[in-house]
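Hello,

Here is the structure for you to look over. My notes follow below it.

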Amino acid sequence: DVNEGTWFQDTSTGLAISTDSRMDFDGTGDYLTPSSSSDWAFGTADFTVETWINQGSSPETYEGIFGTRGGVSDTAGFVFGIKSDGAIYCYSNAMIPTSATGVISANTWHHVALVRDSGDFEIFVDGVSVATDSTARTFTTTASRIGATAYDASETFIGYMDEFRVSNSARYTATFTPQTRGNPFVADANTKLLIHSD
């Protein structure tokens with residue numbers, strides 16, 4: 001956790017905490033590994049993966065935001081990630097889907113969301129749809145990583161993330177206004193993973 005902003009003392013612990021915290025990934029093996037769970041085996045059902053990202057100025061060719069793939073040819077899992085040219089994508093042995101280049105700007109905070117709704121994939125950046133695809137996929141993989149693909153630690157994310165949520169529902173199906181960065185996502189009955197970075 002890299003902390004910025006206004007510092008003050010937490011009187012319960014005596015430690016300094018910040019009003020603006022974030023997860024820092026430097027691209028050299030930094031990633032989070034949630035416990036293996038059937039929660040990541042979405043099958044053909046709806047789901048949403050969302051977070052705030054700030055990609056570094058020297059990105060790798062591919063950088064995983066969230067991944068469940070077990071290998072290069074695995075179609076039982078997927079990778080939600082970004083490319084060095086600013087495109088954002090979902091990959092499961094095929095791009096399903098991928099956006100145009102330049103939708104992600106380096107050193108800029110963006111809310112990104114991958115949604116599957118009734119079998120159709122859609123990627124939103126800052127609440128706007130940037131890519132869609134209707135390729136059928138059945139996801140059965142139970143392992144996952146945040147900040148990397150699930151199988152290849154060389155495709156690690158470089159930059160910052162703030163707030164991270166995985167849901168077993170299609171939270172966004174049209175243009176929307178993202179929740180302001182710094183305001184924590186709220187857990188509900190559809191929340192399967194929730195990470196607060198402050």
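Strands β5 (residues 79-83) and β6 (residues 88-91) run antiparallel and are joined by 4 bridges. Strands here are DSSP runs (E, at least two residues), numbered from the N terminus. Two strands pair if DSSP finds at least two bridges between them. F80 stands opposite C90 in β6.

Both strands belong to an open sheet of 5 strands, ordered β7-β6-β5-β4-β11, with antiparallel pairing. β7 (95-98) and β11 (145-146) stand at the edges with a single partner strand each, so one side of each has no neighbour in the sheet.

This is a predicted model: local features need pLDDT of at least 70, side-chain atom pairs count only at pLDDT 80 or more, and totals for chains, interfaces and linings use all residues. Residues are numbered from 1 along each chain as its sequence is written, and side-chain values use heavy atoms, without hydrogens and water.

Next, E50. E50 is in strand β3 (residues 47-55). At 0% relative accessibility, E50 is buried (under 20% relative accessible area, 1.4 Å probe, protein chains only). The E50 side chain makes polar contacts with the side chains of R165 at 2.8 Å and Y172 at 2.6 Å. A polar contact is a pair of N or O atoms within 3.5 Å; within protein, one must be able to donate a hydrogen and the other to accept it, and sequence-adjacent residues count only if both atoms are side-chain atoms.

Last, T191. T191 lies in strand β13 (residues 191-195). T191 is buried, with a relative accessible area of 17%. Its side chain has a polar contact of 3.3 Å with the R171 side chain. The T191 side chain also reaches the backbone nitrogen of D188 at 3.0 Å.

Best wishes

Notes
Buried means under 20% relative accessible area, exposed over 50%, partly exposed in between (1.4 Å probe, protein chains only).
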